[in-house]
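Me: I have a model open and want to learn how to read it. Can you take me through a few features?

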Amino acid sequence: MTDATGPIVAADGRPLKASLSRALRREKLRAFLLILPLLAFVVISFIAPIFDMLFRSVQDDITSRTLPQTVVALNDWDYTGDARPSEQTYEALYFDMFMAAEAKKHTALGSRLNYETTGISSLFRQTGRGLDDVGEDVIEAMEDASAALDDSAFWAGLFLTDDRSAGDKAASARAWASTVSDQALSLPADVYLANAAEAALPNAARQYAAFAMFTHTVDEDVPAEEDPWEAVWIALAQDLTAGELAYDGPEAAELRAVQAAVAGPMADFTFTDAFLAQDDDWGEASVWGTIQTFSSPYTAGYFLTAIDLELTPDGAQAVEDDVAIYITLFWRTLWMSMTITFSCILLGYPIAWLMANLPDRSANLIMILVLLPFWTSLLVRTSAWKVLLQQQGVINDTLVWIGLVGDGSRLALINNATGTIIAMTHILLPFMILPLYSVMKGIPPSYLRAAKSLGATNWTAFWRVYFPQSVPGIGAGSILVFILSIGYYITPEIVGGTKGVFISNRIAYHISSSLNWGLAAALGTILLVVVLALYWAYDRIVGIDNVKLGG
Amino acid sequence: MKKSIILGTSAIVAVAGIAYADGHMASDMTLVSWGGAYQASQQNAYVAPYIANNEGVTAVWDESSSEAVAKLRAMNEAGNVTWDVVDVVAADAIRLCDEGLALEIDHDEMLADGDDGSSASDDFGDLIVSDCFIPQIVYSTTFGYRDDLVGDTPPTSVCDVYDLEAYPGMRSLERNPIANLEWALICDGVDIADVYDVLETEEGQDRAFAKMDTIKDNVIWWSAGADTPQLLADGEIVMGSTYNGRLFSLIEEQDQPVSMLWDWQMFDLDGWIIPAGLSPEREARALDFVRFATDTQRLADQAKYISYGPARQSSAPLVSTHETLGIEMAPHMPTDPANSVNTFLFNYEWWADYRDDLDAKFQAWLAQ
């Protein structure tokens, strides 16, 4: 007997409780270390990719990455007003788009925005092709004024220097060009942006720096030997017409000659007109509204689309009835999965009962018959159903031969919801039978005999004594079958026709055909959440402890 | 003595030079195609000869063309592109080019001139629908019908598909708006030149769907090219659309009672792309292979095995007989004058814009 006030101590004098928990902790740690490799494997190869995929449903930074200056310039624009975006916005669009087109990023953005507004895909593709022609008159006037401009050495002499004291004047150009091209761009070693040119010709210096970095990093050419992009010429023309030229560095004389010549053409040039000449759609509020709406790095747009809404500049709105499909598909997926689960219970329960109660020899035979289709390829089984169920198929032929249906009114058993339910019930049946069987195997037959000896009828003995004990098997089988069928894809695709396809078929379409991975991720996330919610509801109603996968 | 040393040295240098050049090309290629008879025709017509000409080179097939765009995008994101040459339809080539996933091709520079001396870009002509696309074949989506189920007056027009009185029974159409909407409008009296202008409008789309409503209950929608031949062979359908090569093998190789209905066949293109971002050695090998595989003779050879038209104009005169059946292949080509009275070309640019929108409408229409 220890002191009533003090804690119980172990042999080494420590409190027993602490000593015990230390021993337990060590045990737990050892157990944890044992499962660590498996845990790491699951996290790296399963959980992380799933979360990465699900994250795409809200991630949408392609607009802000590809057109960073445009998005900023567009901030002040009011979609509801009649006014077009400002000239500064078109100017920003020109330079963003030029850089993006060089890096071949503009068409990817076009495809992305085309999900929201039809026509943007070709608008971006064609504009990307026509950008070289923007400001042709200006560029021609510059060429006429000084032949030196056609020499790549002129530009390199003007903007580049090996004078280390020039410092990193190209930092902002680098940040911008790297974002748009999605690569880490840099100038060649020991080449800097010249101070004097940068101060007097800020636009041109920025564009030339972007050109030089891209040429060096991506094309792996020497910038000084390459002719600069048209965007650099236009930027130079802008700088030369901005005011008095305070510059007396290299090539100053040439610049003054160009300055005199470019004033006329530049007076007639606006970026707005240049874009409208490329395509009228650049004046459409719907195009600019789409760019503005999807300019933030995160979007609710995919989730809204996944529930038949759409994100417009005016907020979320219901889509028109003739394109609404996802809610219908979610409902169809749910009710058909429930029907399939229920048919599996109906068909599987008697078989499992037979297997549990027959002598081992016969039970094993049935077990093999249950497992045999399980080992056969899914595609083979599904295609076999096609042969059986089609209008000229085995079942219809037999029915016509017996005389149950007329030759002209053969049953439509496939390419509809019926086909999907029949084929999937067959395919998922083993997942119902196996847990049922293992639970039934654990129910002692003496219970039934006892019930009968106490006067119960066969039905009462089954319903009051046997069935309640088999419920955990039904629960386990139902969860397996339901969750498997809700995400099924191949079988509905082959036998489902139009009325028997699931939401997973749309997910597959958006992954592999339309490449709208954001929408696919949103649909997948919703499906996952629905399954988790149903699982939670099941736990509350039936209790997950009542589920047994084995006796 | 001195001379022979010089000769010897230059021989060594020359040999070393060849070895050096060879060392700059990878020796393994992964080719991606569609499997089945089409891939076999590629294997016979140019992969086997290429490997015979280039000792030590091996080619492995991956039958993933139907998912090529999605898989290439995933490979590109993971930074590990394992494919070297990929066979895709033109629409996918445009998409891959748009996404920056395919190498831009200078056709005149990188491909062989035609046997008739024309440059590659002249020889392929309009079929170069994307800067990344190396055309290979012209195929068409068209109709086949069961001889024994159409009565005494076999169908002659694509609009007979819409004639349930003359040709009762089921039809099969692709579960995809492309081609179906065009046919619906043509059969609703729209001139072919105006089809896409009409389809751009809300009313035009409604009109096409209304036309398809008239046969909606009698259509089995297919998604795999093998479906329609199977359905025709089983007698499930009276007529159905599929790729013309599938119908050729059903009729000529499997001897089924089926005939071709070439009216308003929709031309489409299939060809190679080379993934962007390959190492220089692999890219050099891929380009070397493609240069060989798309020359005039090789494209003409492919027509010995499958009834798809070679994409080069210069190949057409060289098309001969089927390798095993021995029949003349020219009359089975979609481009044969007798077959191409009424045709239209898949409008790639237009569908690139409208596909997302019209597919949503089409799927919603199917689900109604």
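Me: How many residues of domain 1 of chain B are in contact with domain 2 of chain B?

Reply: In contact means C-beta atoms, placed from the backbone, within 7 Å. Here 12 residues of domain 1 of chain B are in contact with 10 residues of domain 2 of chain B. This is a predicted model: local features need pLDDT of at least 70, side-chain atom pairs count only at pLDDT 80 or more, and totals for chains, interfaces and linings use all residues. Residues are numbered from 1 along each chain as its sequence is written, with chains lettered from A and ligands numbered from 1 in the order written.

Me: Which helix gives the most to that side of domain 1 of chain B?

Reply: Helices are DSSP runs (H or I, at least four residues), numbered from the N terminus. Helix 4 of chain B gives the most, with three residues. Helix 2 (36-53) and helix 4 (90-98) of chain B each supply at least two.

Me: Where do the bounds of the domains of chain B lie?

Reply: Bounds come from an automatic or database domain assignment. Domain 1 of chain B is 2-132 + 274-327, and domain 2 is 141-268 + 337-367. Their C-alpha centres lie 32 Å apart.

Me: How are two packed helices described?

Reply: By the angle between their axes and the distance between the axes. Axes are lines fitted to C-alpha atoms over the stretch in contact, and angles run from 0 to 180 degrees between N-to-C directions. Helix 5 (residues 106-114) and helix 6 (residues 120-130) of chain A pack at about 160 degrees, axes 7 Å apart. That makes helix 5 of chain A roughly antiparallel to helix 6 of chain A (over 145 degrees).

Terms used. Parallel < 35°, antiparallel > 145°, perpendicular 65-115°, else oblique. Contact = placed C-beta atoms within 7 Å.
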